[in-house]
Amino acid sequence: MIQIKNIDDPRIEHYRSLKYTPESHTRDNIFIAEGDRLFKQLIRSDFEIVSIFALEKYFKQYGKAIENNNISSSSLFFADKKIMDQIVGFRLHKGIMAMARQPEEKELTALPFPMVVLNGILKSENVGAIIRNCAAFGIKSLLWDSETSSPFMRRAVRVSQGGIFYVDCRKSTNIIDDLQQLKSSGTKVISVEITNKSIPVSDFSFPESSVLVFGSEGRGISEGILNISDAVVHIPITDNIESINVAAASAVVLNRLL
């Protein structure tokens, strides 16, 4: 193990400035898992752990699990509380963080159904909450378009509460083409949106091979996706509120699949 005595030590570059997700995380295909709860789930997963930065006590607590993951001792960093306090968000992660590699994406046709698709969802917190719901309701795959915030952003990973370790995530460079490809193999595209032609989700029977599309709260699902959807469903609500949060909506709809 290596003791970090200076916050500017280049060996912990990826752990600094965690108020946001640095561009280097995206460039290097890595992400940060913060806190005891997330770390426990990460170290039990199949994800490759690149390094660990924590208070010394955690290396004693998780010594056997770290050893079983064959993490090089040169990638194990510890520091005292004074140094850790300088990392933005310390109070959230309680002194333990790990850097892991984003897994290689599966081919589109290898993703299991039912599948969730995210269209233009910008807020990382919503993305993370939807992934948490996916894991909770047994959805194992998620497709996200170029306008959606990455599921591996710091806040998305944290809000997912470990759900990110149980859902295969794939980025789409052309969401319409990908949905058309899935439709050609018999998959049904179901958009969750309030329209003049949408039907209550309680009246809808989801096909076994379903793709459920959720869109941004501001713009909703794109017209192009709605045009190729096999069905559009909505959650009935009172006239007092125009719509509910997309993450909350995903929980209601995904519960119908159980």
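# Strands, a helix and some contacts

Student: How many of the residues of strand 7 (residues 141–145) are buried?
Tutor: Strand 7 is largely enclosed by the rest of the structure, because 5 of its 5 residues are buried. Buried means under 20% relative accessible area, exposed means over 50% and partly exposed lies in between (1.4 Å probe, protein chains only). Strands (E, at least two residues) and helices (H or I, at least four) are DSSP runs numbered from the N terminus. The count of buried residues in strand 7 is 5 of the 5.

Student: What kind of model is this?
Tutor: Residues are numbered from 1 along each chain as its sequence is written, and side-chain values use heavy atoms, with hydrogens and water left out. Local features need pLDDT of at least 70 and side-chain atom pairs count only at pLDDT 80 or more, while totals for chains, interfaces and linings use all residues, since this is a predicted model.

Student: Which residue of strand 7 is the bridge partner of methionine 115?
Tutor: Strand 6 and strand 7 pair in the parallel sense over 4 bridges (two strands pair if DSSP finds at least two bridges between them). Strand 6, helix 7 and strand 7 also make a right-handed β-α-β unit; right-handed means that, with the strands pointing away from the viewer, the path from the first strand over the helix to the second runs clockwise. The bridge partner of methionine 115 is serine 141.

Student: Which residue in strand 8 stands opposite tryptophan 144?
Tutor: Strand 7 is joined to strand 8 (residues 168–172) by 5 bridges, and the two run parallel. Strand 7, helix 8 (residues 154–159) and strand 8 make a right-handed β-α-β unit. Opposite tryptophan 144 stands lysine 171.

Student: Which strands are at the edges of the sheet of 7 strands?
Tutor: This open sheet has parallel pairing and the order 8-7-6-11-9-12-10. Inside that order, 3 bridges join strand 9 to strand 12 (residues 231–234), and isoleucine 190 has alanine 231 in strand 12 as its bridge partner. The strands that pair on one side only are strand 8 and strand 10 (199–200).

Student: In the sheet of 5 strands, which strands stand at the edges?
Tutor: The pairing in this open sheet is mixed, and the order is 1-4-3-5-2. Strand 2 and strand 5 (residues 96–101) pair in the antiparallel sense over 5 bridges, with glutamate 34 opposite methionine 97. Each edge strand has a single partner strand, so one side of each is left without a neighbour in the sheet; these are strand 1 (2–3) and strand 2 (30–34).

Student: How wide an arc do the buried residues of helix 11 (residues 246–255) cover around the axis?
Tutor: The buried residues of helix 11 are Val246, Ala247, Ala249, Ser250, Val253 and Leu254. Their arc, taken from the directions from the helix axis to the C-beta atoms, puts them on the same side of helix 11, since it is only 155 degrees.

Student: Which residue caps the N-terminal end of helix 11?
Tutor: A side-chain oxygen of the capping residue lies 2.7 Å from the backbone nitrogen of alanine 247. The cap is asparagine 245.

Student: What is the relative accessible area of leucine 254?
Tutor: Leucine 254 is in helix 11. Leaving aside neighbours within four places in sequence, leucine 254 is in contact (heavy atoms within 4.5 Å) with Val116, Asn133, Cys134, Phe137, Ile139 and Leu212. Leucine 254 is buried, with a relative accessible area of 0%.

Student: Which residue's side chain makes a polar contact with the side chain of serine 51?
Tutor: Serine 51 is in strand 3 (residues 49–54) and, at 4% relative accessibility, counts as buried. A polar contact is a pair of N or O atoms within 3.5 Å; within protein, one must be able to donate a hydrogen and the other to accept it, and residues adjacent in sequence count only if both atoms are side-chain atoms. At 2.7 Å, the partner of serine 51 is tyrosine 15.

Student: How are the rings of phenylalanine 204 and phenylalanine 206 arranged?
Tutor: A search of the whole structure finds 8 aromatic pairs (rings of Phe, Tyr and Trp, the last by its six-membered ring, with centres within 6.5 Å; planes under 30 degrees apart are stacked, over 60 edge-to-face and the rest tilted). Both phenylalanine 204 and phenylalanine 206 are buried. Their ring centres are 4.9 Å apart and the planes are at 80 degrees, so the pair is edge-to-face.
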